Amino acid sequence: MQDPVFVKDAFAKVARRYVITNHVLSLGTDILWRRKVARMVAETKPQRLLDLATGTGDLALEISRACPGLNITGADFSAPMLDYARGRKVPGLTLVEADAMALPFASESYDCLTVAFGLRNMARWGDAVWEMARVTRKGGSLLVLDFSLPTALALRPAYRFYLHRVLPRVAGFITRQQDAYSYLAGSIEKFPSGEEMCDLIRANGFSTARAVPVSMGIATIYHAVK
Ligand SMILES: C[S@@+](CC[C@H](N)C(=O)[O-])C[C@H]1O[C@@H](n2cnc3c(N)ncnc32)[C@H](O)[C@@H]1O
């Protein structure tokens, strides 16, 4: 559960350097995670796709490469993040400024909905998933990509050291916004993952959900069907 005023302000401040900071912090692995989601999307053969919390359009870009000709709507409540996405001229992508908690779209209007590193930042996770389910047609897919803690408990202390001590300093140096990245570390700790997240998704409008951990569980892809 996050404060939307803080979140909006944090992304407005880091928008210009968000993409490069991600690639530095993850040593480029974030690109591979989004590519995997894009391949999973392609398998569902969507006609109309909503990329929620699209931000700078990184996932939308990978999806447009994996699914040439697909109509993609990218929605986000941060105008500076959307401005960056607009400059990338992603084929098939239409950008909309909108709050994920109250989407300006008709019920059942998309057959695939994606959200990368976005749900964790939303005010109420269950309500946000419920709103995602509302705009997804019956039988449609939801793919959520987000951070989680390493599956092997032995790796967690080292990962936590990186998350809380190294990451905010490196990102703070690149963006001059260390607070935004201290927030990131805290938000990852609080965010449900694995079966707990699958339960949350199933309790809010989707009938099935499975978790696919990537990079030893540092991130997880959730695939749910309505
Ligand atoms: C970490 S960025 C993710 C951007 C992109 N999906 C990616 O893969 O890099 C999180 C995005 O979620 C957006 N966001 C957070 N809460 C939101 C909400 N309630 N409605 C719409 N967008 C939201 C932020 O503005 C930000 O652009």
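Reply: Around the ligand there are 21 residues, and those that come nearest are Ala 53, Gly 55, Ser 78, Ala 100 and Ala 116; a residue counts as near a molecule or strand if its C-beta atom, placed from the backbone, lies within 6 Å of it. Two or more residues of this shell come from each of the elements α1 (4-14) and α4 (58-66). Helices (H or I, at least four residues) and strands (E, at least two) are DSSP runs, numbered from the N terminus. With three residues, α1 gives the most to the shell. By class, the shell around the ligand holds 12 nonpolar, six polar and three charged residues. Here Ala, Val, Leu, Ile, Met, Phe, Trp, Tyr, Cys and Pro count as nonpolar, Asp, Glu, Lys and Arg as charged, and the others, Gly among them, as polar.

The model is a predicted one, in which local features need pLDDT of at least 70 and side-chain atom pairs count only at pLDDT 80 or more, while totals for chains, interfaces and linings use all residues. Residue numbers start from 1 along each chain as its sequence is written.

Along its principal axes, the C-alpha trace spans about 45 × 40 × 30 Å.

Seven strands form an open sheet with mixed pairing, in the order β3-β2-β1-β4-β5-β7-β6; two strands pair if DSSP finds at least two bridges between them. At the edges stand β3 (93-97) and β6 (208-214), each of which pairs on one side only. From one strand to the next, the twist averages 20°.

Thr 208 has Val 225 of β7 as its bridge partner, and Ala 209 stands opposite Ala 224 in β7. The hairpin of β6 and β7 has four residues between the strands, and Ser 215 takes a positive phi near 50° there. Helix α9 (residues 195-202) lies across β6 and β7 and runs at about 150° to β6. Axes are lines fitted to C-alpha atoms, for helices over the stretch in contact, and angles run from 0 to 180 degrees between N-to-C directions; residues are in contact if their C-beta atoms, placed from the backbone, lie within 7 Å.

Technical notes
Contact = placed C-beta atoms within 7 Å.
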